Amino acid sequence: MARILDRFEFPEGLYYSGDHLWVKKENGIVRVGVTDMAQQAAGSILFVRLMPKGRQVESGKPLGTMETGKWVGPLKSPLSGSIIESNEALKTQPKLLNEDPYGRGWLAVLQPSKLDDELKNLMTDPAQIEKFVQVELPKLFKK
Amino acid sequence: MWRWLDLDAIDPIETQTIYDAVAVARGRNIVGDTLIFCYPQSPLVSLGYHQQIEKELDVQFCRDNGIPFVRRILGGGAVYLDRGQLFYQLILGPENPMLPKNVAEAFRFFLQALVWAYQSLGIDAQYRPLNDIQVQGRKISGSGAATTTEGVFVLTGNIILSFGYEKMVKVQGAIRKVQRQSVQDFQGIPFDGVEGTWKRSDSG
């Protein structure tokens, strides 16, 4: 488990998007979720609404929305593909995103349509991720 | 470049749809950053983006009483809105240098203008995080926000000019899950002087 700036968990073996989602490859399909940095920045998550099974998503476009403190924002898919499964538990337990963002708080499982091409746009190198965190930190967190 | 749209009294549903449309247009760079003022010609109930209408609202009560209801694009809960409230609706593009990236900071930054407005009208309003304005420890104004897919930031809220206490409480009886408020919660707050300060098209 990589811990950036002694504050944010970024598990090794995952891919990370500039929109603060992670991707885990699982035998031809992928599981996605929000990063620890994203859930810390968001605060207590009140609602999560995800697109249903079968819906097509595009990289950079929403696969759902989340709400925290009366603010609603998009959850942008890191990859293009179709939704095989959405995490139904988030309907009644949205705080799973806060409590276990890399485990029980997963968002969706996708059948990717452009995996090899789009994985190139995601981050895996710890040095690259740390640089990204340094850039995002002042944007997302009040000093 | 900013623009200000003073729409005055409009259809109640349009108080929640126009800023939504402006946000879409802003995301496509068809329009610039926009501040909208408006108020509804008649009452409505506005529900939060993630709320389930049938669980949150007595829909039949609203229909029987001619009160329209609409789901907005912003967060928060169900609220009763009427012509005694002026709505401010801020739509900003992601590149606007005034826009804090942190949502909590955005609320604090923009709502300070509302606090100043109330204070200039003689009401001792204070900002309370995350997004409330209070007088004497009681909430008098709420707000909600959203960020669209294109990164457009939308923040809206209300300035109470006059208050139909009794009607608000009656309609809120139709809102199943709401911060229950009684008439007593609002008494003592000097709203009466505020309406006289704001000239509207129907106030002469």
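Q: How many bridges join β10(B) to β11(B) in this predicted model?
A: The model is predicted. β10(B) and β11(B) run antiparallel. One bridge pair is B:Ser143 with B:Gly157 in β11(B). The number of bridges joining the two strands is five.

Q: Which residue in the turn between β10(B) and β11(B) has a positive phi?
A: The two strands form a hairpin. Five residues lie between them. One residue in that turn has a positive phi of about 85°, and it is B:Gly151.

Q: In which sense do β9(A) and β10(B) pair, parallel or antiparallel?
A: This pairing links chain A to chain B over two bridges. A:Trp71 stands opposite B:Ala145. A:Val72 stands opposite B:Ala146. The sense of the pairing is parallel.

Q: Which element gives the largest share of the side of chain A that touches chain B?
A: The contact takes 15 residues from chain A and 18 residues from chain B. On the chain A side, β6, β8, β9 and α5 each supply at least two residues. The largest share is four residues, and it comes from β9(A).

Q: How many charged residues are on the side of chain A that touches chain B?
A: Sort that side by class. Seven residues are nonpolar and two are polar. The charged residues number six.

Q: What end-to-end distance do the C-alpha atoms of helix α4 of chain B show?
A: The helix has 18 residues, 103-120. At 1.5 Å a residue it should span 26 Å, so the model can be checked against that value. The two agree: the end C-alpha atoms are apart by 26 Å.

Q: On which residue is the kink in α4(B) centred?
A: The kink is about 30°. The kink is centred on B:Leu111.

Q: Which strands are the edge strands of the open sheet in chain A?
A: Six strands form the sheet in the order β3-β4-β5-β11-β10-β7, with antiparallel pairing. β7(A) is joined to β10(A) by two bridges, and A:Val57 stands opposite A:Gly81. An edge strand here pairs on one side only, which picks out β3 and β7 of chain A.

Notes. Residues are numbered from 1 along each chain as its sequence is written. Chains are lettered from A and ligands numbered from 1 in the order in which they are written. This is a predicted model: local features need pLDDT of at least 70, side-chain atom pairs count only at pLDDT 80 or more; totals for chains, interfaces and linings use all residues. The expected span of a helix is 1.5 Å times one less than its number of residues. The bend at a residue is the angle between axes fitted to the seven residues ending there and the seven starting there. Two residues are in contact if their C-beta atoms, placed from the backbone, lie within 7 Å. Ala, Val, Leu, Ile, Met, Phe, Trp, Tyr, Cys and Pro count as nonpolar, Asp, Glu, Lys and Arg as charged, and the others, Gly among them, as polar. Two strands pair if DSSP finds at least two bridges between them.
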